[in-house]
Amino acid sequence: MSPAETTDPAAEQPVTEVGPDRGTPVIEPDPAAGMHVIEVGLGDRSYPVVVGDGAVSAVAGLVPGDVRRATVVTQEPVRYVAETVAGSLGNLLGSEPEVVTIAGGEGAKTLSTVEELTRRWVRAGLNRRDLVVSVGGGVVSDVVGFAASVYHRGTRVLHVSTTLLGQVDAAIGGKTGVNLPEGKNLVGAFWQPTAVVCDTATLATLPPRELASGMGEVAKYHFLGGGELLDPAGDGARTMDMATRVAVCVGIKASVVAADERESGSRATLNYGHTLAHALEIAGGFDLRHGEAVAIGLIYAAEVARALGRIDDLRVAEHRRVVAAHGLPDRIPGGLDPEELLDLFGRDKKALSGVTLVLDGPAGVETVTGIDPGVLRGALDAVL
Ligand SMILES: NC(=O)c1ccc[n+]([C@@H]2O[C@H](COP(=O)([O-])OP(=O)(O)OC[C@H]3O[C@@H](n4cnc5c(N)ncnc54)[C@H](O)[C@@H]3O)[C@@H](O)[C@H]2O)c1
Ligand SMILES: [Zn+2]
């Protein structure tokens with residue numbers, strides 16, 4: 001378990017202060033109910049991430065004391081979660097916030113959604129001291145987080161994450177943004193939330209492919225210090241429940257973000273497995289979810305690391321075992337032109353000079369630059 005994590009909220013600094021003027025009790029997550037509280041340590045912008053089955057009950061207790069109004073943004077499949085959140089905010093604030101539903105899919109992550117939301121917030125009388133709440137997966141937290149970052153030059157946002165990918169990745173760390181017709185995530189801002197709530201009970205309604213997408217990221221964390229994810233007792237028995245798994249991943253992401261908030265260095269390790277994954281997503285036509293592409297990318301990265309003498313056969317086998325244990329693919333489906341994928345590596349926006357890959361090695365996962373194109377080409381054979 002990450003040092004950043006505690007399952008005992010009493011041992012934390014108070015996660016929130018509710019103004020005495022409102023006189024509302026703070027709803028603390030209940031450790032007996034299996035709640036985890038992980039702190040993202042960013043000085044005066046630090047915030048808690050509450051993880052567990054039923055964690056939505058913690059939302060009202062996380063609302064800063066000076067908030068007078070709130071608004072909730074969601075998508076249709078999780079409107080039921082948003083209504084619960086709005087109900088508890090209504091009890092806290094005295095008037096129930098509006099619940100706005102945006103469209104599903106990447107198509108909703110646009111500047112026009114930002115315009116539509118912010119205009120609604122003006123009409124609802126929301127000012128910069130109030131609170132915006134997102135309820136949904138990465139699409140909702142990305143677009144709502146970005147809209148909050150620019151509304152009145154910065155308004156507080158609380159994310160209630162309802163997809164596995166959102167809970168272990170997108171909702172944590174303050175990256176927000178929208179797409180342009182020219183590409184994904186091209187307009188955005190770093191805007192840390194006030195708090196994040198990951199209610200693992202909401203994952204029960206998540207379609208299996210969406211769950212698989214999150215599993216790709218969970219598999220990634222295995223190699224970023226999360227070795228216990230598959231083997232918590234060290235005896236090969238898989239006994240970790242989903243809430244604890246999410247909490248372990250959040251703990252890893254929290255420590256990486258705390259060490260390098262704006263990705264000037266070590267935060268790039270979170271892109272482990274992502275260079276090939278992004279190329280597969282851009283090349284398209286493979287019907288792969290993000291996490292499935294990441295899984296193939298993890299195996300590919302392991303093969304490149306072995307070819308460079310950075311890791312041995314056992315460690316490559318470990319990559320294959322972890323990907324298989326998460327029920328994820330280890331090969332690129334269908335025929336494809338390897339040259340096209342290699343070309344796309346250079347276009348990955350994370351590539352700083354030449355082809356840069358995040359690779360495993362004796363010192364753990366790190367960024368490696370200037371990799372021989374022959375090695376990159378040769379390792380592709382292992383995932384074709
Ligand atoms: N900001 C970051 O650091 C970061 C990191 C990783 C990914 N992202 C972004 O996240 C997005 C992908 O997020 P995602 O994988 O969560 O997809 P998503 O937000 O599109 O959600 C997937 C689908 O599941 C539905 N859904 C959500 N929760 C549900 C639930 N509990 N039950 C049933 N249906 C539910 C959604 O409405 C949607 O249709 C991408 O746009 C990506 O760029 C951002
Ligand atoms: Zn990812």
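The protein contains 11 helices and 12 strands, taken as DSSP runs numbered from the N terminus (helices H or I, at least four residues; strands E, at least two). The model is a predicted one, in which local features need pLDDT of at least 70, side-chain atom pairs count only at pLDDT 80 or more, and totals for chains, interfaces and linings use all residues. Residues are numbered from 1 along each chain as its sequence is written, while chains are lettered from A and ligands numbered from 1 in the order in which they are written.

Of the 384 residues, 48% count as buried (20 or more other C-beta atoms within 10 Å of the residue's own, C-beta atoms being placed from the backbone). Among contacts (C-beta atoms within 7 Å) with a separation of 6 or more, 73% join residues 24 or more positions apart.

Helices α8 (residues 290–307) and α9 (residues 313–325) pack with their axes 9 Å apart, at an angle of about 175°; axes are lines fitted to C-alpha atoms over the stretch in contact, and angles run from 0 to 180 degrees between N-to-C directions. The two helices are therefore roughly antiparallel (over 145 degrees). On α8 the contact involves A295, L298, I299, A302, E303 and R306, and on α9 R315, V316, H319, R320 and V323. Six of these residues are nonpolar, one is polar and four are charged (nonpolar: Ala, Val, Leu, Ile, Met, Phe, Trp, Tyr, Cys and Pro; charged: Asp, Glu, Lys and Arg; polar: the others, Gly among them).

Around ligand 1 there are 28 residues, of which P77, G137, G138, V139 and T163 come nearest (a residue is near if its C-beta atom lies within 6 Å of the molecule). The shell divides into eight nonpolar, 14 polar and six charged residues. At least two residues of the shell come from each of α3 (138–150), α4 (164–170) and α5 (208–222).

How values were computed: Angles under 35 degrees count as roughly parallel, over 145 as roughly antiparallel, 65 to 115 as roughly perpendicular and the rest as oblique. Two residues are in contact if their C-beta atoms, placed from the backbone, lie within 7 Å. A residue is buried if 20 or more other C-beta atoms lie within 10 Å of its own, exposed if 12 or fewer, and partly exposed in between; C-beta atoms are placed from the backbone.
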